[in-house]
Each structure stands twice: as C-alpha cells, then as structure tokens.
Amino acid sequence: VLWIDAWGGALRDPGLRDIITELDDAWAGLLEQVIRDGAETGEFSCADPAAAAFRLAALLDGVGVRIALQGKQSRREALRHARIAAAREIGLTEADFPT
C-alpha cells in the first residue's frame, strides 16, 4: 500500500518521482540482468531481455495493486500468474518453474 501511495505522490512531487523512478529502474534492471544472463548461458531464450523485464515488472506491479486494492487473489495465485508470464517470456513452460 505504501508503494501505491508513493506512486500517487510521485505524480505531484518531482523529488519523489526521481526516487520512485530510480527504484523502479533498479528493479527492472535486475530482472533484465537475470533474463540476459540466463539467455547468454543457454538456460532459456529471450530475444529482448529489456522488453521482457519491462513487461514482467509492469505485470507484477499491476498484480500487486489488484491484490492490495481488491484482495481477491491469494499470494499463491499471484505467484502462479507471475510464473506463467515469466515462462512465456523466456521460452519455458509453467512446469519449468517449481511452486
């Protein structure tokens, strides 16, 4: 909930926007590096790690907001959605991600 509040505040506060952008970029950068490393070692395939990381980060943000606001999905269901999306981004199946 604090993260959602910070996003809202960042729309009006340039200093907060800079902090939020830095944190979001760091998170997406970490995802990108993991995807890039896995693709380079041949563990999976991904033609555009930066784009895949952007999509996954956005999906996870959106799922987090929905859980915080609606509470209709469990953590387990949210993780399943994340696993499915991640698997599709890197050419694997959901079964390749243990629960």
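Buried means under 20% relative accessible area, exposed means over 50%, and partly exposed lies in between (1.4 Å probe, protein chains only). By that scale, Arg80 is partly exposed at 43%. The model here is predicted: local features need pLDDT of at least 70, side-chain atom pairs count only at pLDDT 80 or more, and totals for chains, interfaces and linings use all residues. Residues are numbered from 1 along each chain as its sequence is written, and side-chain values use heavy atoms, leaving out hydrogens and water.

**Salt bridges**

- Side chains of opposite charge can pair when their charged atoms come close.
- A salt bridge here is a side-chain nitrogen of Lys or Arg within 4 Å of a carboxyl oxygen of Asp or Glu.
- The count by this rule is three.
- Arg80 pairs with Glu94 at 3.0 Å, N to O. This pair links distant parts of the chain, 14 residues apart: Arg80 is in helix 4, and Glu94 is in the segment after helix 4.
- Glu94 is partly exposed, at 33% relative accessible area.
- Glu89 and Arg55 also meet in a salt bridge, at 2.7 Å, N to O. Glu89 lies in helix 4 and Arg55 in helix 3, so the pair ties together parts 34 residues apart in sequence.
- Glu89 is buried at 18%, whereas Arg55 is partly exposed at 44%.
- Glu32 bridges to Arg36, with the closest N and O atoms 2.4 Å apart. They sit four residues apart in helix 2, so about one helical turn separates them.

**Surface patches**

- Patches use residues with over 30% relative accessible area and no salt bridge; like charges are joined within 9 Å, and nonpolar side chains (Val, Leu, Ile, Met, Phe, Trp, Tyr) within 5 Å.
- Asp13, Asp18, Glu22 and Asp25 gather in a surface patch of negative charge.
- Glu22 belongs to helix 2 (residues 14-41) and is exposed, at 59%.
- Trp27, Leu30, Val34, Leu59 and Leu60 make up a nonpolar surface patch, with about 420 Å² of accessible area together. Accessible areas come from the Shrake-Rupley method with a 1.4 Å probe; for residues, only the protein chains shown count as cover.
- Helix 2 gives the largest share of the nonpolar patch, three residues.
- Helices (H or I, at least four residues) are DSSP runs, numbered from the N terminus.

**Around Ala82**

- Ala82 sits in helix 4 (residues 75-89) and is buried, at 18%.
- Leaving aside neighbours within four places in sequence, Ala82 is in contact with Leu59 and Leu60. Contact means heavy atoms within 4.5 Å.

Notes:
Lys, Arg positive; Asp, Glu negative; His and termini not counted. Charge placed at Lys NZ, Arg CZ, Asp CG, Glu CD. Helix = DSSP H or I, 4+ residues; strand = E, 2+ residues; numbered from the N terminus.
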